[in-house]
Amino acid sequence: MRSILAHEWDTESRSFTAMKLVFAVATNSDAAELAALHRAAAENLTRRFGHGFWSSSPSERGILANMRLPKFSRILIARSNLPLVRSGEPVRREGRRIIGALRLATKKPWAIDTSYFTAAVKPLYLTGMAVHPNLQRKGIGRLLLREAEAHALAWPADAIRLDAFDAAAGAGPFYAKCGYREVARVVYKNNPLVYFELTFPQ
């Protein structure tokens, strides 16, 4: 577990406010809250961009399965006491809620074709990244990625690989801004994807 103190810009007060984030590896007790986070993210994308591949979200059972063998698969979470409400709504603080998550795994997802990536001995695959819709564009996703990179180095791994939807609903531009290199654009089962990677110096 690791905590950092970040700052976010409050557009109403036009000042920075402190934001404490606590990063940890998820446990079984987090599964229900993680399922709710992914459901909220998928519903938000569907409202904004219509129904698509991004409209589905993992079940609590699926999340538990991904945590069964931590040697091969781990879910990183970011917790904060930031309220999960929009500006102007009553503030309800309910302890440190999970506001962001991603999964790192040694097993390649079906949609990834390794031939497009830089050769690596111990790559990790990043999937299931989500930040609560009401707390996006506050730098939480970038900080979560930095935490994932530190976690990957300690695993140890020599690369992080991922794919993003090649559509307006996709997070490709976000990964590019965070330093991930686009390596290919492919179509997997009628789903246009963009492959990204981050390699670590050896």
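Trainee: Which residue in strand 8 stands opposite Glu182?

Mentor: Phe196 of strand 8 stands opposite Glu182. The model is predicted, with local features requiring pLDDT of at least 70 and side-chain atom pairs pLDDT 80 or more, while totals for chains, interfaces and linings use all residues. Residues are numbered from 1 along each chain as its sequence is written, and side-chain values use heavy atoms, without hydrogens and water.

Trainee: What makes strand 7 and strand 8 a pair?

Mentor: Two strands pair if DSSP finds at least two bridges between them. Strand 7 and strand 8 have seven bridges, in the antiparallel sense, and therefore meet that criterion. Strands (E, at least two residues) and helices (H or I, at least four) are DSSP runs numbered from the N terminus. Strand 7 spans 181–188 and strand 8 spans 191–199.

Trainee: How many residues lie between the strands of this hairpin, and which one takes a positive phi?

Mentor: Two residues lie between them, and Lys189 takes the positive phi, near 50 degrees. Lys189 is not a glycine.

Trainee: Why is Lys189 called exposed?

Mentor: Exposed means over 50% relative accessible area, buried under 20%, and partly exposed in between, with a 1.4 Å probe and protein chains only. Lys189 has 64%, so it is exposed.

Trainee: Where does Arg137 lie, and what is its phi?

Mentor: Arg137 lies in the loop between strand 5 and helix 3. Its phi is positive, about 65 degrees, although Arg137 is not a glycine. Its relative accessibility is 82%, so Arg137 also counts as exposed.

Trainee: How do you know that the peptide bond joining Trp155 and Pro156 is cis?

Mentor: Its omega is about 5 degrees. Pro156 is placed in the loop between helix 3 and strand 6.

Trainee: Why is a set of residues called a nonpolar core?

Mentor: The name applies because its members are buried Ala, Val, Leu, Ile, Met, Phe, Trp, Tyr and Cys residues joined through side-chain atoms within 4.5 Å. The largest such core has 29 residues, and those with the most contacts inside it include Leu102, Leu126, Tyr180 and Phe196. Among the elements giving two or more residues to this core are strand 4 (97–105), strand 5 (123–131) and helix 3 (140–154). Helix 3 gives the most, with five residues. A second, separate core of 14 residues includes Ala24, Ala31, Leu34 and Ala130.

Trainee: Which residues does Leu126 touch?

Mentor: Contact means heavy atoms within 4.5 Å. Not counting residues up to four places away in sequence, Leu126 touches, among others, Leu102, Leu145, Ile160 and Tyr175.
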